[in-house]
Amino acid sequence: MITKGLSPVRLEAISDGVIAVILTIMVLELKVPGPDGLAGLQAVLPTILLYLLTFIQIGIYWVNHHYLVDEVETVTHGILWANLVFLFCLSLFPFATDWIGVKGLSSFTTAFYAAVSIFPGLAYMALWFQIRQQSAAPAHASWGKQIASVSLYLAAIPVAYVQPAASLTLIGIVAVLWLLPPKHVHPPE
C-alpha cells in the first residue's frame, strides 16, 4: 500500500497556531506594576526587555520556520516529529521568561533561560536536517550560523554565573545575527 504524504500546509498551520499560543501566554504573564507612573514603569522595565528579547527570538524562529517549510513538498514522519519537538522546545520560553520576571535576574534564572534557548536551536537544526534530506532547494540558512547560535547560547550558561546581564547580551547577539534576512529566500511563484 502506498501512502500519500501530508501537505506542508497542515504542518505550517499547527506551527503557526502553537507559536501564536506561546506568544499569547507570554503577554498574559506581563503584570501591571504596583506603583503608578514612571516608578511603576521602571519596576517592570527589566521584565519588558526580557519579554522583548524572547518575543524577538520566537519571531525569528517563526520567520525562518516559514522559509524552511516553504521548501517542503511532502511532509515525512521524521519532519512531523522534528517539528513537534521544535514546537515543544519553543513552548518552554514563557516559563523561563516568567521565572526571571518573578525571581529576578540571578545567575541561576539566567543560566536556565540560556539553557532553554539552546533547545529550540537544536530542535530547529534537527528539523532543518530532516527537510534538507528531501529538498533540492538551496539551504535558506547556513549551517554555520545555526552552530554559532547554539554555541553562543551554550556560552551564555557559564557567563550567567559571572554576569547575568552579559549572558542575556550573548543571547541578544544571536537574535541580531538572525534578524538579517537569509540570502536564499525564493520569491513566491
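Tyr 113 touches Leu 50, Leu 53, Thr 54, Gln 57, Phe 93, Ala 96, Thr 97, Ile 100, Leu 168 and Ile 171, leaving out residues up to four places away in sequence. This is a predicted model. Its protein chain has seven helices and zero strands. Tyr 113 is also one of the residues that touch the most other members of the largest nonpolar core.

**Overall fold**

- Read along the sequence, the protein chain runs α-α-α-α-α-α-α.
- The protein chain has 189 residues, and 39% of them count as buried.
- Take the contacts between residues at least 6 apart in sequence: 78% of them join residues at least 24 apart.

**The nonpolar core**

- In soluble globular proteins, nonpolar side chains tend to be buried together.
- The largest nonpolar core here holds 43 residues.
- Ile 58, Phe 86, Leu 90, Tyr 113 and Ile 171 touch the most other members of this core.
- At least two core residues come from each of H1, H2, helix H3 (77–90), H4, H5, H6 and H7.
- H5 gives the most to this core, with ten residues.
- Ile 171, one of the residues that touch the most other core members, is also in contact with Tyr 113.

**The largest cavity**

- The structure holds one cavity of 30 Å³ or more.
- About 160 Å³ of space lies in the largest cavity.
- This cavity is lined by 14 residues.
- Ile 60, Tyr 61, Ser 149, Tyr 153 and Trp 178 are the closest of these to the cavity's centre.
- Helix H2 (37–69), helix H5 (107–134), helix H6 (143–160) and helix H7 (164–179) each give two or more residues to this lining.
- The lining of the largest cavity has nine nonpolar residues, five polar and no charged.

**The largest pocket**

- The largest pocket contains about 500 Å³ of space.
- Its lining is made of 25 residues.
- Pro 46, Thr 47, Ile 48, Leu 50 and Gly 101 lie nearest the centre of the pocket.
- Helix H1 (8–29), H2 and helix H4 (93–103) each supply at least two residues of the pocket lining.
- H2 gives the most to this lining, with ten residues.
- By type, the pocket lining divides into 18 nonpolar residues, four polar and three charged.
- Leu 50 lies among the residues nearest the pocket's centre, and Leu 50 also touches Tyr 113.

**Two residues on helix H2**

- His 66 is found in helix H2.
- The side chain of His 66 makes a polar contact with the side chain of Glu 12, at 2.2 Å.
- Leaving aside neighbours within four places in sequence, His 66 is in contact with Glu 12 and Asp 16.
- Phe 55 also has its place in helix H2.
- Is Phe 55 buried or partly exposed? Phe 55 has a relative accessible area of 37%, so Phe 55 counts as partly exposed.
- Phe 55 touches Leu 23 and Met 26, not counting residues up to four places away in sequence.
- Phe 55 and Leu 23 are 32 residues apart along the chain, and their C-alpha atoms are separated by 7.0 Å.

How values were computed: Residues numbered from 1 in each chain as written. Predicted model: local features only at pLDDT ≥ 70, side-chain atom pairs only at ≥ 80, totals over all residues. Heavy atoms only, no water. 1 Å grid on protein atoms, 1.4 Å probe; cavity = no way out; pocket = protein on both sides within 12 Å on 5 of 7 lines; lining within 4 Å. Points joined across faces, edges and corners; volume = space filled by probe spheres on them. Helix = DSSP H or I, 4+ residues; strand = E, 2+ residues; numbered from the N terminus. Nonpolar A, V, L, I, M, F, W, Y, C, P; charged D, E, K, R; others polar. Core = buried A, V, L, I, M, F, W, Y, C linked by side-chain atoms within 4.5 Å. Buried < 20%, exposed > 50% of the residue type's maximum accessible area, 1.4 Å probe, protein only. Contact = heavy atoms within 4.5 Å. Polar contact = N/O pair within 3.5 Å; in protein donor to acceptor, adjacent residues only side chain to side chain.
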